[in-house]
Amino acid sequence: MSKRFTISRHLRIALLVASALLIVIAGEVLLSSSMYKSRSFDGKTLGIMPEPGPDDRILIFAPHPDDEVLGSGTYIQRAIKNGAEVKVVLMTNGEYPELSLLIAEKTITGSADDYIKLGYTRQSESLDALELLGLDPENVIFLGYPDHMLNRLWSADHWNTDDALKASRTGRFESPYDNSFTKNAPHCGESVLGDVKKVLEEERPTIIVVVNPYDIHVDHWATYAFVISAVAELKAEDAQVLPVGAIYSYLVHWPEWPVPRGYRPSDSQVPPKPFARLGQYEWSAFPSGIMEVLLKRQALRSYRSQLSSWNPFLSSFIRSNEAFASGKKLNWYVGPGSLPLDLPAESKGDTVSSLRNPGSDITDVSMQYGDGVLTIEIRTAGNITSASTFEVTLCNFGFGSGGIDIAGLSLGQLGIAGSRMKEGVVSTLPKAKLGFASKDDSYLASFPLELDKDQGFIIVRVWSYTGTRTIDQTNISLIEYYR
């Protein structure tokens with residue numbers, strides 16, 4: 001009896017040990033698996049994004065502290081786990097929001113020093129969040145440019161040091177942060193572009209991850225503009241300088257997105273429906289393991305100044321996958337007999353603002369070049385009204401030139417006005433050299449542009465607004481031209 005009891009007890013212990021091992025193994029499988037289920041993207045199915053590998057060097061650009069985790073928290077974890085080298089670049093320190101100042105510094109009428117202190121607080125939150133995801137603090141780079149102002153730095157008006165912009169919160173014309181990538185970096189486009197180029201040259205990434213150019217936040221689309229401009233200029237100077245194999249973009253700000261709002265980790269993340277009709281981008285899903293989802297949620301809770309413990313917007317990015325887009329470069333022959341270039345078609349009525357203002361809803365943009373003159377036609381979904389104004393920003397990098405030519409145009413019922421920065425000099429484009437014509441649903445504008453190299457890059461963006469409110473915007477198109 002005793003012997004049978006002993007055998008039975010040993011059997012039970014063996015079964016318990018085996019059960020424990022099965023639970024551990026099942027738990028490991030569960031925590032490493034994903035709940036992602038492929039969902040229809042307006043009739044299309046998202047492909048699966050390639051995994052980063054041990055030979056990859058990845059640079060992730062984010063406009064503000066928290067965007068890097070919102071858009072790519074899972075990707076960061078997986079890249080580190082797979083042995084890739086990962087670095088994060090923060091363009092601003094996010095010192096703008098009054099609510100964040102109230103939470104972090106217990107004041108709503110803050111001084112410049114209070115906002116600078118908030119900037120350091122938000123830096124610290126990013127370091128804490130990224131450390132949870134496995135990234136060491138020395139792999140985080142702070143550029144230190146002013147929050148809510150990057151769009152104004154990506155223009156001819158504030159390109160040079162002499163035209164540096166005064167930050168509305170810190171009251172400075174240069175970065176006040178002692179850990180900025182460039183000490184006392186002036187608030188101007190030339191400095192931003194120079195910093196991004198230097199980071200790219202030093203890190204030589206094989207993969208770049210950056211916010212999507214359709215993102216409606218002024219710092220977000222401008223971040224993409226600076227990154228893609230830096231890539232274009234470096235390639236124009238030396239086509240072999242960057243080994244970039246892929247540029248992926250993530251979306252943070254878009255009307256009524258993500259949906260549904262709130263913490264729903266078993267839901268899949270798909271881009272807004274209008275994006276399915278934008279042929280220049282191919283969207284992919286990067287499935288998240290359950291442990292990666294939990295760590296991303298914990299990391300987002302590090303952003304205490306953003307009320308992250310209950311903020312439904314931040315929680316909406318904790319999904320069973322992350323969504324990324326890869327874009328296509330356009331090629332354009334600009335020699336004798338060149339044809340117009342149609343930029344990728346824009347979605348019609350893709351936001352509430354554009355539905356309510358069809359005369360400002362951009363549907364098509366085309367460009368024609370000849371005899372040193374560039375002509376741009378902007379077409380809209382409805383008749384253009386006197387309230388509508390259209391802006392065009394265009395950057396030109398000639399191969400081997402080592403310089404940038406930036407032109408800005410404003411088109412409206414009063415006609416056309418423009419400015420240019422070339423060889424460090426900002427000037428107003430003379431009216432006599434500007435052409436302008438309008439129809440019910442289109443504007444035609446022409447201005448002098450010397451493409452004095454046989455090959456180069458043009459980067460162009462068009463947007464519309466009424467008063468100070470942006471209605472619609474195009475993609476930031478990267479065009480490689482040649483003769």
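Predicted model: local features only at pLDDT ≥ 70, side-chain atom pairs only at ≥ 80, totals over all residues.
Local features need pLDDT of at least 70, side-chain atom pairs count only at pLDDT 80 or more, and totals for chains, interfaces and linings use all residues. Residues are numbered from 1 along each chain as its sequence is written, and side-chain values use heavy atoms, with hydrogens and water left out.

Two residues other than glycine have a positive phi. For Asp-66, phi is near 115°; this residue lies in the loop between β4 (57-62) and α2 (67-81). Helices (H or I, at least four residues) and strands (E, at least two) are DSSP runs, numbered from the N terminus. Asp-66 counts as buried because its relative accessibility is 7%, where buried means under 20% relative accessible area, exposed over 50%, and partly exposed in between (1.4 Å probe, protein chains only). Glu-423, with a phi of about 55°, is placed in the loop between β17 (415-422) and β18 (425-428). Its relative accessibility is 74%, so Glu-423 counts as exposed.

Thr-182 belongs to the loop between α5 (150-153) and α6 (189-203) and, at 28% relative accessibility, counts as partly exposed. Its side chain makes a polar contact with the side chain of Asp-195 at 2.6 Å. Such a contact is a pair of N or O atoms within 3.5 Å; within protein, one must be able to donate a hydrogen and the other to accept it, and residues adjacent in sequence count only if both atoms are side-chain atoms.

The loop between β8 (246-250) and β9 (281-287) contains Pro-258, which is joined to Trp-257 by a cis peptide bond with omega of about -5°. Pro-260 also lies in the loop between β8 and β9, and a cis peptide bond with omega of about -10° links Val-259 to Pro-260.
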